[in-house]
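Me: I would like to go through this structure with you, asking at each step what a given description rests on.

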Amino acid sequence: MFSSFRLSMTWVHTWFGLVLGYVLMACFFFGSLSVFDREIDRWAIPETRYEPQPMPSFDKLLLPIFKAIEPRQESYDEAQKEVHGPLPPREKMVAGEFGAYTTHRDPVLSMFSSFDVPNKPKNPNVDHVHVFGGVTIDPRDGTAISDDKLKIGSRFFYPLHYSLHLHWLDLGYWIVGFAALIMLVALVTGVVMHRKIFREFFTFRPKKQTQRSVLDLHNLTGVVALPFHFFFAFTGLVIFAGIYLPVTGPMFKAQAEAHEKIEEERTGLPHDPAGVAAPLASVDAMVVEARRRWAERDMAGEVGFLGVTHYGDANGYVSVYRAGTDRVTLTGQGIHFRASTGEVILEDPQPSTVAGIDDWLTGLHLQHFRHWLLRWFYVLGGLAGCVCIATGFIFFVEKRKRQHARSGSAGVRVVDALAVAAVTGMLVATVTMLVANRLLPPELPARGDWEERIFWLAWLLALLHAGWRSAPMARAQRSPAWRAQCLALAVLCVAAPLLNWITTGDHLFKTLSKGYWPVAGLDLVLLLSAGIAVLVARRLRHGEAAEGVEQENPEASHA
Amino acid sequence: MRDVLMLAAALVSSAGGMAWLALAMKGHWQQVCGGAGPSRAAVLALRTLGALALTASLWLCLAVDHPSMAVLVWVMSLAAAALAVAFTLTWRPRWLRWWALPWSAAAAG
């Protein structure tokens, strides 16, 4: 089909990269924002702007709240579709499992419970169906944070980067998974295509013609951050491997069940409830014991995850995990107690080599550790990925625009309009959401849903604008939509910190002098982005003016 | 505070290492110092220094964090340093002349 290996690799890189690039752009950008998801949450929910808190007392504070959690309506409706016969009434359901997870960056505590469903599942491969419920609290006094307030960072941008919020048939996970696979392919084919990977390692020549300088930038951001790109695409696939290859469920059901039985024998942690009621001993005492044992191992630390399995049953047990603040792994050193007596059943042994590597790969991507330099490096890596993808689009267009203009093909016009929407349009939608967050009335019911609608609407408008303004592409000129959206972005990026000041009183002088970085940091990044957007818009205007001259006087460009 | 200083030193070391590796290339040397490019002895010295600086950076990272985290910090510091050196070469190449000093002085003298 192709005359050389390099040409066939070029074909794969170009076409797969183009199609999946739009998805990867969103994955890389919203993934970069997710590095500071908790901080974005603080900006978006001003009543949670206080210092991170440790795990509060289970006995006094958490248990009554756990017992009061009701199943979420959507989760209940979802489960109803998956089982035979009607479910028990929602408010009568009994919680069998509790969990609370926190990190060194969380002032609020996320709590969830899982409710047992007695009905037989329709899918013969599934043992049990569960219904879930959850609440977010202020751990200082247990007050619930309203679900109407959307955690824009951790509940919108973060899931957007791996699910695209496309839940029908889990389609979002599959699209992102496929895009991650193509990312790996694009990295390998990109290295094959690149003739001067070492000689041009440090090369960026912005004064050369656009096609050359964007290719420089594409190669530079792709090559220097190659390990980052590779590891994040790869670990993303590892994290969701269970969805793509469900080996512990449907694929090898018998083996999976046998494995569960062996695990139960090995660990002494009951897989099923006994069906006999039993009380719950003091969990606070178990936490004290767990911390004592960590300190004994010279790994003193805070509680990261606290869970109760088979609550209220004689087989119940409590698991206390150490927060992985100083490690790449999320949590570890789990210690498990018999719920009714508080005696230790099991102290997790050192993970096997394979499990250790898996934990490291997962933790590397999910990054809940305390290391601000590394967190910013991740943002840098993610944004380098965005630049790499965006310059890929521009190179594609630059290379073909004259030829397409001559032949009257609309190909690059469509690609360019989509690229505008995927690059500046995505930024406009993101900041519009922050602006909407500050403008919507505080007590608006389902406020978060409105913020989400405004985000998608802004993105859609950006796409329509890009399509509408794309006519100059037919004459091989640059679309003015790029510049217009940069200017819109600059306005929005100034509006967001101003509105934050007006609505909360937390202006930059105050947040900086108090050293409250979650809000100060986001405000500063927004202002910096406004500055960059203005510079880019000015540069684009010069470019458009030069093109105009070229159009009137074709020889001028060769002078 | 000690950790912050050690990590800052690791960053400087990565950036210096990348600058030396870039200067060992003829095109970049000419951007920074002009002239005919580095002598063969200078190329060898620049490459050795570059490799040593990057190794020193790894060693500094390992002294601050658990090895499982230190390798991530180091790899990312290399990426950041390479970008910083590339953009310096684009817009302010003369800034890198300090790294070329002994050899550029020898070439000039």
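Me: How confident is the predictor in chain A, going by its average pLDDT?

Reply: Chain A averages a pLDDT of 92, and 97% of the residues score at least 70, where pLDDT is the predictor's confidence in each residue, from 0 to 100. This is a predicted model, in which local features need pLDDT of at least 70 and side-chain atom pairs count only at pLDDT 80 or more, while totals for chains, interfaces and linings use all residues. Residues are numbered from 1 along each chain as its sequence is written, and chains are lettered from A and ligands numbered from 1 in the order in which they are written.

Me: What makes strand 1 and strand 2 of chain A a pair?

Reply: Two strands (E runs of at least two residues in DSSP, numbered from the N terminus) pair if DSSP finds at least two bridges between them. Six bridges join strand 1 (residues 95–101) to strand 2 (residues 109–116) of chain A, and therefore the two count as paired; they run antiparallel.

Me: How many bridges join strand 2 of chain A to strand 3 of chain A?

Reply: Eight bridges join strand 2 to strand 3 (residues 130–137) of chain A, again in an antiparallel arrangement, so by the criterion of at least two bridges these strands pair as well. A:Met111 of strand 2 is the bridge partner of A:Ala100, and A:Met111 also stands opposite A:Val135 in strand 3.

Conventions:
Helix = DSSP H or I, 4+ residues; strand = E, 2+ residues; numbered from the N terminus.
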